[in-house]
Amino acid sequence: LGRIIVGYSVAGEPITAEQLKANGAMAALLKDALKPNLVQTLEGTPAFIHGGPFANIAHGCNSVIATRMAMHFADYVVTEGGFGADLGAEKFLDIKCRMAGLKPDAVIIVATVRALKYNGGVAKADLNNENLDALKAGLPNLLKHVENITQVFKLPAVVAINEFPLDTEAEPALVKEECQKLGVNVAISQVWAKGGEGGEALAKEVVRLIDESEGTFEYCYELDMPIKAKIEAIATRIYGADGVDFTPTAAKEIERLTSLGFDKVPICMAKTQY
């Protein structure tokens, strides 16, 4: 806690919590907050709720303590990583898993037909109507997330479609067809309506992926890369950018961070959900 930088002096030197003598009070506040909150689902499945800062600017993951405790007590552990494979999953894999020494066995990419149609240009008022053209136009968004997981991070994945009552048979069938072209299966999730029973197909596919996993997990970038190179790796490999333009202010800040030794830590990319 004492090493946390809270600001900079007029001379540009970092000021830490220890220098402000705030680390003791910070530790006192965390004495109880450090303990994960154990809750349960309606069907009695245990769950830890601990941490989880929003992934817009933070890492968007729960605590390492909660994840490790869950792995100690259960055969299978499911944890959420922010939102999107271009933000939440990237930070979960490149930051949390790297720093905690965790290796995921499989990834569930959650999507809805409604969201994909919205990505394809359908107005919110018309999302209840079948529109395969719009769905197909919105699918590249989902497929990019699939590619990020399977081709960049080299992890097996399944797409879970959270089913809505007005989804037609043709719509998830189209999603399944396009995902299978990338070697990824699709499972319909009806957990909201049927509880655990509605997630059995998804669970079975996850277990199959885990049993057949070859363990080839890779990071998007290496820690010893310069800050600019790490940012460029995320932008080009995860977001699909053709490059990165650094403003003079950003370049100056990168120089300062490098001089402070922060060029050897992961990058936490900021992005709005829009």
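Analyst: Here is a walk through the labels, one question at a time. This is a predicted model, where local features need pLDDT of at least 70 and side-chain atom pairs count only at pLDDT 80 or more, while totals for chains, interfaces and linings use all residues. Residues are numbered from 1 along each chain as its sequence is written, and side-chain values use heavy atoms, with hydrogens and water left out.

User: Why are α3 and α5 called roughly parallel?

Analyst: Helix α3 (residues 84-100) and helix α5 (residues 132-152) pack at about 20 degrees, with axes 9 Å apart. Axes are lines fitted to C-alpha atoms, for helices over the stretch in contact, and angles run from 0 to 180 degrees between N-to-C directions. Under 35 degrees counts as roughly parallel, over 145 as roughly antiparallel, 65 to 115 as roughly perpendicular and the rest as oblique. The α3 and α5 pair is therefore roughly parallel.

User: And what makes α9 and α10 oblique?

Analyst: Helix α9 (residues 227-238) and helix α10 (residues 248-259) pack at about 120 degrees, and their axes are 10 Å apart. So α9 and α10 get the label oblique.

User: Which residues meet there?

Analyst: Ile 227, Lys 228 and Ile 231 of α9 meet Ala 251, Ile 254, Leu 257 and Thr 258 of α10; contact means heavy atoms within 4.5 Å. By class, that gives five nonpolar, one polar and one charged. Here Ala, Val, Leu, Ile, Met, Phe, Trp, Tyr, Cys and Pro are nonpolar, Asp, Glu, Lys and Arg are charged, and the others, Gly among them, are polar.

User: Why does Glu 212 count as exposed?

Analyst: Its relative accessibility is 51%, so Glu 212 counts as exposed. The cut-offs are under 20% relative accessible area for buried, over 50% for exposed and partly exposed in between (1.4 Å probe, protein chains only).

User: How do you know that Glu 212 forms a salt bridge with Arg 208?

Analyst: The closest N and O atoms of the two are 2.8 Å apart. A salt bridge is a side-chain nitrogen of Lys or Arg within 4 Å of a carboxyl oxygen of Asp or Glu, so that distance qualifies. Glu 212 and Arg 208 are four residues apart in helix α8, so about one helical turn separates them. Arg 208, at 31%, counts as partly exposed.

User: What is the distance for Lys 35 and Asp 32?

Analyst: Their closest N and O atoms are 3.6 Å apart, and they form a salt bridge. Lys 35 is exposed at 52%, whereas Asp 32 is partly exposed at 46%.

How values were computed:
Helices (H or I, at least four residues) and strands (E, at least two) are DSSP runs, numbered from the N terminus.
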